[in-house]
There are 2 protein chains.
Amino acid sequence: MKIIKPKSGEIFDIELEESLLKKNRELAEENKKIFNQYDIKAIDILGSIGSGKTTLMCQIVKKLKKDYRIGVITGDLTTTIDADLIKKNGAQVIQINTGKECHLDAKLVSEAIKNLPLKEIDLLFIENVGNLICPGEFPLGAHYRIVVFSCTEGPYVVIKHPYIFKEANMVVINKIDLAKNMKVSLTKLKRDIKKIKPFIPIIETVARKGKGVEKIINFLKNA
Amino acid sequence: MKIIKPKSGEIFDIELEESLLKKNRELAEENKKIFNQYDIKAIDILGSIGSGKTTLMCQIVKKLKKDYRIGVITGDLTTTIDADLIKKNGAQVIQINTGKECHLDAKLVSEAIKNLPLKEIDLLFIENVGNLICPGEFPLGAHYRIVVFSCTEGPYVVIKHPYIFKEANMVVINKIDLAKNMKVSLTKLKRDIKKIKPFIPIIETVARKGKGVEKIINFLKNA
């Protein structure tokens, strides 16, 4: 099988990209300092379109809001659908619309947090644009990263995205009730994750039914 | 709801991006000239991870190979899983591994076609990296663009990705057998597509069972 790979100096200038990534990392550290200053625990939520990030966020907010004051920053190209849904469940919500950009960056998040009442927030979730590739390279300053994917994304979703799983602190496998329908093996998926990151916690959920959400809550309370 | 949007001159240099996109469009035109010169009909296939692009490709190759000589270029970050599957079904296949890049570009495709026996190809499919955002901005030189998504990607998959549907020549809604399970309305999804592009053909499929594939074949034969 002939395999073509990009070379340095081709269309996308790799050195330039490096400098952008570096600048983003620095800004992410600035964001983290602000979170620490206000004693906020910040958590990135990453995953493809339809993986169930927003449904999970709604469930988590519903269950955690009696114990914590929750803020959520949601990323999307053009809509506020996710933000509206999460707000209804009782969190302070800021929407970032990236236009055509496929991921949040630390600069956009720094703008968003200027608009949040940081003194009144204990837990801040940052729900990225639905995309399992690009957001991986752009840390935002959060303390933890949760990667969410769904069984319906097929049997190769983990091995096709090694970078994003390497950067994760927890993985949620969602829509496990559809695994059989999809002929997807949960055991195989979990083995694929552990190959990339041997000690990472993996939680299985059916977000729309609330199944497994309690385990995420426990992780967050003890994180 | 407070909405944050990127401003020009922020982390990602928008002018620079414009020049990259322009260069890509020029190279795409070069690729198209080569396709025309060899009388090749070239088709982009775009969609998220797990939308069913590869399963569709396998079904299409199986059915079309008795009438046409088929080439396929497959894009993926690091694996050759898709390429291997499609090759088994009887097409000439070249793999592009993009590393961390989230989309194919016209330069990578121009490298790939140098490695294909163009005189022996009638139909060339270019299966992009699994991503419903970034590939939209990078034409590759193909004559048609097919966007594939699956019902399991949820009810908002169309309205959240207006740009990619605007650029499409045909839309495939896959895994329609799971629509009920997912509480997703096909009627609503089709209405969302038609709002963005009123006259676009929409084909419903269950790719792994071959359902609906014949309609795609007919479209391709008459395109």
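In the contact, 57 residues are contributed by chain B and 57 residues by chain A. The structure is a predicted model. On the side of chain B that touches chain A, at least two residues each are supplied by strand E1 (3-4), helix H1 (14-37), helix H3 (81-88), strand E4 (92-97), helix H4 (106-114) and helix H5 (162-166) of chain B. The largest share of this side, 5 residues, is provided by E4(B). By class, the side of chain B that touches chain A consists of 26 nonpolar, 18 polar and 13 charged residues.

Within chain A, helix H2 (residues 53-64) was examined for its length and its surroundings. The buried residues of H2(A) are Lys53(A), Thr54(A), Thr55(A), Leu56(A), Met57(A), Cys58(A), Gln59(A), Ile60(A), Val61(A) and Leu64(A).

Helix H2 of chain A packs with helix H3 (residues 81-88) of chain A at an angle of about 20 degrees, and the axes of the two helices are 9 Å apart. Because angles under 35 degrees count as roughly parallel, H2(A) is roughly parallel to H3(A). The crossing of this pair is right-handed. From H2(A), the contact involves Thr54(A), Met57(A), Cys58(A) and Val61(A), while H3(A) contributes Asp82(A), Leu85(A) and Ile86(A). The residues in the contact of H2(A) with H3(A) comprise 5 nonpolar, 1 polar and 1 charged. Thr54(A), Met57(A), Cys58(A) and Val61(A), which form the H2(A) part of this contact, are among the buried residues of that helix.

In chain B, helix H2 (residues 53-64) packs with helix H7 (residues 213-222) at an angle of about 65 degrees, with 10 Å between their axes. The crossing of H2(B) and H7(B) is right-handed. Leu56(B), Gln59(B), Ile60(B), Lys63(B) and Leu64(B) are the residues of H2(B) in this contact, and they meet Val213(B), Ile216(B) and Ile217(B) of H7(B). The contact of H2(B) with H7(B) contains 6 nonpolar residues, 1 polar residue and 1 charged residue.

How values were computed
Residues are numbered from 1 along each chain as its sequence is written. Chains are lettered from A and ligands numbered from 1 in the order in which they are written. This is a predicted model: local features need pLDDT of at least 70, side-chain atom pairs count only at pLDDT 80 or more; totals for chains, interfaces and linings use all residues. Axes are lines fitted to C-alpha atoms, for helices over the stretch in contact, and angles run from 0 to 180 degrees between N-to-C directions. Helices (H or I, at least four residues) and strands (E, at least two) are DSSP runs, numbered from the N terminus. Angles under 35 degrees count as roughly parallel, over 145 as roughly antiparallel, 65 to 115 as roughly perpendicular and the rest as oblique. A crossing is left-handed if the near helix is turned anticlockwise from the far one by less than a right angle, and right-handed if clockwise. Two residues are in contact if their C-beta atoms, placed from the backbone, lie within 7 Å. Ala, Val, Leu, Ile, Met, Phe, Trp, Tyr, Cys and Pro count as nonpolar, Asp, Glu, Lys and Arg as charged, and the others, Gly among them, as polar. A residue is buried if 20 or more other C-beta atoms lie within 10 Å of its own, exposed if 12 or fewer, and partly exposed in between; C-beta atoms are placed from the backbone.
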